[in-house]
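Here is a short note on charged side chains. Please keep the structure open while you read.

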Amino acid sequence: MNNAESIIHDGEIPIYDAVKYLTKEEVEETVRRNAAAMNFDVNEEHMNVIHSLIEHYKQDCKTRDCLAAHEHMRFLEDAYEFKGGSKYLYMLFDAVPGARGVLVPIHQLAGLPSLQLDTDKGFGTSF
C-alpha cells in the first residue's frame, strides 16, 4: 500500500482516490445529471472550472491529504484570476440551489467527497 492509499480520515475516501480514474466524459455526465436534479443550468464555464479543479486534485493530491478546502480555493482563485478570481467563481457557483460558495457546489455537482470546511472556533468577540 502506498502513502496515497493509506490516507483515510473518518472513513472518507481521499480526494485523489475519488478522482484518479475519472474521465472527462464521466465528470460531465455526472455534473449534467446532478445539475438537472437540482434544476441548475450548467454551462461550459462551469465545466471548465470543474475540470480544472479535478485536474488539480489528480496532480496535487496523490501523496497527501487534500481534504482541507482552503488550498483548493486558493488554486481556483489563482487559476481564474484573469477572469476576476473569487468574484468570477462565486458568480458561477453561488447560484447552485442548496449550496453556498464555490467548492461545495462543485463537489455536489461532480459527486465528489466532502471537504473539511470547518471554521476556526477560536475567533470570537472580545469584551
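The points below go through the salt bridges.

1. Some ground rules. This is a predicted model: local features need pLDDT of at least 70, side-chain atom pairs count only at pLDDT 80 or more, and totals for chains, interfaces and linings use all residues. Residues are numbered from 1 along each chain as its sequence is written, and side-chain values use heavy atoms, leaving out hydrogens and water.

2. How many salt bridges does the structure hold? There are four. The term means a side-chain nitrogen of Lys or Arg within 4 Å of a carboxyl oxygen of Asp or Glu. Side chains of opposite charge can pair when their charged atoms come close.

3. Take Lys-20 and Asp-17. Their closest N and O atoms are 3.4 Å apart, and they form a salt bridge. Lys-20 is partly exposed, at 23% relative accessible area. Asp-17 is partly exposed too, at 23%. (Buried means under 20% relative accessible area, exposed over 50%, partly exposed in between, with a 1.4 Å probe and protein chains only.)

4. Next, Arg-33 and Glu-29. This salt bridge spans 3.7 Å, N to O. Both residues lie in helix H3 (residues 24-37), four residues apart, about one turn of the helix. Helices are DSSP runs (H or I, at least four residues), numbered from the N terminus. Arg-33 is partly exposed at 47%, while Glu-29 is exposed at 54%.

5. Now Glu-45 and Lys-83. Their side chains meet in a salt bridge at 3.9 Å, N to O. The pair links distant parts of the chain, 38 residues apart. Glu-45 sits in helix H4 (residues 44-60), and Lys-83 in the loop between helix H5 (70-79) and helix H6 (86-93). Glu-45 is partly exposed at 31%. Lys-83 is partly exposed at 40%.

Methods
Helices (H or I, at least four residues) and strands (E, at least two) are DSSP runs, numbered from the N terminus.
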